[in-house]
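Please look through the sequence and the structure shown below before reading on.

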Amino acid sequence: MIKLETIGMFKYIKNDPTVVAHAEIPNGYVFTIDSDHETAAPTASTAKTADLWFAMNEFTGDERYTNRTIKAGEKVNAILLKEFDHRNLIITADNLTTAFASIAVGDTMVADTYGKFAKETTLTGYAVYVTVLEKMQYGSKNAVRVQVSAVDQDTQPVGE
């Protein structure tokens, strides 16, 4: 799962509410949007673009206490990752490809082809990446607090 660090970050959300899941995906899944307006797993090249989104659906009732996934064909709250440039997110280990034990404060991570984040040391060509600020527990899960960095083609920060 991916969570906003503070409630005030909601004012930076750029949400595309017309996107539907291409397959069953977990909350926090990182994706691009295809021509049919469906989620699409990042490829080696699209993972480097600034057009990366993540799923942040809100479940109600008993479902909010489960690991409910977003079913194929369901609407997805598609949140544009680069809009959180210089802001922090909390990412649970469920949304990390790299083993939690091998992540350290200061590591950089990028979206991978599994719709998760993976440690990466060579950031050349990546338009959006995150830097680990803290390893922590979120509820009963291992998690990392990260700062989002978005760069334009001139490698200048995007946003404020």
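## Aromatic pairs

Are Tyr29 and Phe31 buried or exposed? In this model, which is a predicted one, Tyr29 is buried and Phe31 is buried as well.

## Charges over rings

Two aromatic rings are described here together with a lysine. Lys48 lies over the face of Tyr126, at 5.1 Å from the ring centre. Lys135 has its charged end over the ring of Phe100, and the distance to the centre of that ring is 4.4 Å.

## Salt bridges

Side chains of opposite charge can pair when their charged atoms come close. In this structure the count of salt bridges comes to four, and among them is the one in which the side chains of Arg145 and Glu5 meet, at 3.3 Å from N to O. This pair links distant parts of the chain, for Arg145 is in strand 13 (residues 141-150), whereas Glu5 is in the loop between strand 1 (2-4) and strand 2 (15-16), 140 residues apart. Glu5 has a relative accessibility of 32%, so this residue counts as partly exposed.

Arg145 forms a salt bridge with Glu134 as well, the closest N and O atoms being 3.0 Å apart. The two ends again belong to distant parts of the chain, with Arg145 in strand 13 and Glu134 in strand 12 (residues 128-138), eleven residues apart. Glu134 is partly exposed, with a relative accessible area of 32%. Taken together, Glu5, Glu134 and Arg145 are linked in a network of salt bridges. Another salt bridge joins Lys141 to Asp94, where the closest N and O atoms are 2.5 Å apart. Because Lys141 lies in strand 13 and Asp94 in the loop between strand 9 (88-92) and strand 10 (108-111), this pair ties together parts that are 47 residues apart in sequence. Lys141 is partly exposed at 24% relative accessibility, and Asp94 is partly exposed with a relative accessible area of 41%.

How many residues of strand 9 are buried? Five of its five residues are buried, and the strand is mostly covered. Asn88, Ile90 and Thr92 point one way from strand 9, while Leu89 and Ile91 point the other way.

Strand 9 pairs with strand 1 in the antiparallel sense over three bridges, and in this pairing Lys3 stands opposite Ile90. Strand 9 is also joined to strand 13 by five bridges, and these two strands run antiparallel. Within strand 13, Val146 is the bridge partner of Leu89.

An open sheet is made of five strands in the order 2-8-6-4-5, and its pairing is antiparallel. Strand 2 and strand 5 (39-40) stand at the edges, and each has a single partner strand, so one side of each is left without a neighbour in the sheet. Strand 6 (residues 53-55) is joined to strand 8 (residues 78-80) by three bridges, the two running antiparallel, and Ala55 stands opposite Ala78 in strand 8.

## The setting of Thr108

Thr108 lies in strand 10. With a relative accessible area of 15%, Thr108 falls under the 20% cut-off and therefore counts as buried. Where does the side chain of Thr108 reach? The side chain comes to the backbone oxygen of Glu120, at 2.4 Å. Leaving aside neighbours within four places in sequence, Thr108 is in contact with several residues, including Ala118, Lys119, Glu120, Leu123 and Tyr129.

Note on methods
Residues are numbered from 1 along each chain as its sequence is written. This is a predicted model: local features need pLDDT of at least 70, side-chain atom pairs count only at pLDDT 80 or more; totals for chains, interfaces and linings use all residues. Side-chain values use heavy atoms; hydrogens and water are left out. Helices (H or I, at least four residues) and strands (E, at least two) are DSSP runs, numbered from the N terminus. Buried means under 20% relative accessible area, exposed over 50%, partly exposed in between (1.4 Å probe, protein chains only). A polar contact is a pair of N or O atoms within 3.5 Å; within protein, one must be able to donate a hydrogen and the other to accept it, and residues adjacent in sequence count only if both atoms are side-chain atoms. Contact means heavy atoms within 4.5 Å. Two strands pair if DSSP finds at least two bridges between them. A charge sits over a ring if NZ of Lys or CZ of Arg is within 6 Å of the ring centre and within 35 degrees of the ring normal.
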